[in-house]
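These are my notebook entries on one protein structure. I set down what I looked up, in the order in which I looked.

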Amino acid sequence: MASVGDSMRRRIANRPRRGGGEHADETAGAVEPYRDAPLYDWEYRRRRHDVAFYRMLADERGGPVLDLGCGTGRMTAPLVRDGHRVVGVDLSETMLGGARARLGRIAAPRRQRGLLIRADLRALPLRGRFPLAIAAFHTVQHLVDDGALIAFFTAVRRLLADDGWFAFDVFSPDPRWLSRPADEWYDRVVFRHPTTKETMAYSASHHLDADRRALHMRFAYQRLDSDGRRVGRRRTVKLCHRQLNPDDVQRLLRRAGLRVLARWGGFADEPLLWPPAPSVATNGAVHHTEQHVYLAGPRPARARQRHTP
Ligand SMILES: C[S@@+](CC[C@H](N)C(=O)[O-])C[C@H]1O[C@@H](n2cnc3c(N)ncnc32)[C@H](O)[C@@H]1O
């Protein structure tokens, strides 16, 4: 007969390990890049093309807009400034702090149209029907399992108006970049940290977990002295992205009662080339479509009945 001690030992052994258990690097890869919100904002300060795209959708569809994985409010704040009501959701308190600060810079009463909620996309605690939901800047790729993605898409479906739109984008790396030797360090960049004002350098490396379809990227940050020599502790930040091609996206949306209404290979109407076909620019350079942008909507009820097992 099993003793109380045995059952306690079993419970301890089965308890999820601190930091994410079996797929700890995937969990860390959805959290670590978002611990330094000012650095995040500084790194992506020139990324404006996606903001223009999501603003255009909100103008077309109207609010309230559900901004899923809103981060520091890169989308939330401009949408509120445009006059829309926006509900921003994110798991990171640090990133939400950045979003709060952005909203605080918008004049009243408009800023009151922004509401920020701390929640996990895998268990959205929201009600209501939104004409537009967005998940900007590769946010969906933090959900690695099919199960987590389907749960998230199903919740989005529940929160969408019957003619609502769900827009999101996915990073689809160039196969030549992807095939770089795993765990070699590339792309050294020297910069001044926006808060500490220290001169720093970072380099990046990555490897693909082909079984999980999880791309593990690492960014190593280190301070430089006045002669450009590395000093102090090297800090490594993990970033993990589920790899999603257009067939995966279509299949997973469908399981959640959604369908692709439109898709692009960028934010300015570029075609999404799938199966992948590198495009050649006028200067002869070969380009791969790295930004996949999707617009989805609810599947009509009859189509769902016919195809859903
Ligand atoms: C690349 S950032 C995008 C932020 C913002 N949408 C933008 O365009 O700048 C991804 C965001 O997703 C959030 N995130 C990751 N996993 C999450 C989860 N399971 N639930 C809620 N938010 C999550 C992160 O905290 C981060 O703010």
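**Entry 1: the central strands**

Which residue in E5 does Phe130 stand opposite? I looked up the pairing and found Leu160 opposite Phe130. I note at the outset that the model is predicted.

E4 and E5 are joined by 5 bridges and pair in the parallel sense. On E1 (residues 65-68), I found 3 bridges to E4, and these two strands also run parallel. Within that pairing, Leu66 has Ala133 of E4 as its bridge partner.

Is strand E4 mostly covered or mostly open? I found that 5 of the 6 residues of E4 (residues 130-135) are buried, so I recorded the strand as mostly covered.

**Entry 2: the nonpolar core**

I next looked up the largest nonpolar core, which has 59 residues. The members that touch the most other members are Val65, Ala133, Ile134 and Phe166. Strand E5 (residues 160-171) gives the largest share of this core, with 6 residues.

Why does the core lie between domain 1 and domain 2? I recorded that domain 1 (32-173 + 244-307) and domain 2 (175-242) both contribute residues to the core, and therefore it lies between them.

I took Val65 as an example and listed its contacts, leaving out residues up to four places away in sequence. Val65 touches Ala58, Leu79, His84, Val86, Phe130, Leu132 and Ile134.

**Entry 3: the ligand**

How many residues are around the ligand, and which come nearest? I counted 19 residues, of which Gly69, Gly71, Leu91, Ser92 and Phe137 come nearest. By kind, the shell around the ligand divides into 9 nonpolar, 6 polar and 4 charged residues.

**Entry 4: backbone angles**

Phe137 is not a glycine, yet its phi is positive, at about 60 degrees. Its place is in the loop between E4 and helix H7 (146-159).

I located Arg213 in the loop between strand E7 (199-209) and strand E8 (214-224). Arg213 has 16 C-beta neighbours inside 10 Å and therefore counts as partly exposed.

**Entry 5: cis peptide bonds**

Where is Pro64 placed? I found it in the loop between helix H4 (49-61) and E1. The peptide bond that joins Gly63 and Pro64 is cis, with omega about -5 degrees.

I recorded a cis peptide bond between Ala108 and Pro109 as well, with omega about 5 degrees. Pro109 lies in the loop between helix H6 (93-104) and strand E3 (114-118).

**Entry 6: the whole protein**

The protein has 10 helices and 13 strands. Of its 309 residues, 32% are buried. I also looked up contacts between residues at least 6 apart in sequence, and 64% of these join residues at least 24 apart.

Technical notes. Residues numbered from 1 in each chain as written. Predicted model: local features only at pLDDT ≥ 70, side-chain atom pairs only at ≥ 80, totals over all residues. Near = placed C-beta within 6 Å. Nonpolar A, V, L, I, M, F, W, Y, C, P; charged D, E, K, R; others polar. Core = buried A, V, L, I, M, F, W, Y, C linked by C-beta atoms within 7 Å. Buried ≥ 20, exposed ≤ 12 C-beta atoms within 10 Å, placed from the backbone. Helix = DSSP H or I, 4+ residues; strand = E, 2+ residues; numbered from the N terminus. Domains from an automatic or database assignment. Contact = placed C-beta atoms within 7 Å. Pairing = 2+ DSSP bridges.
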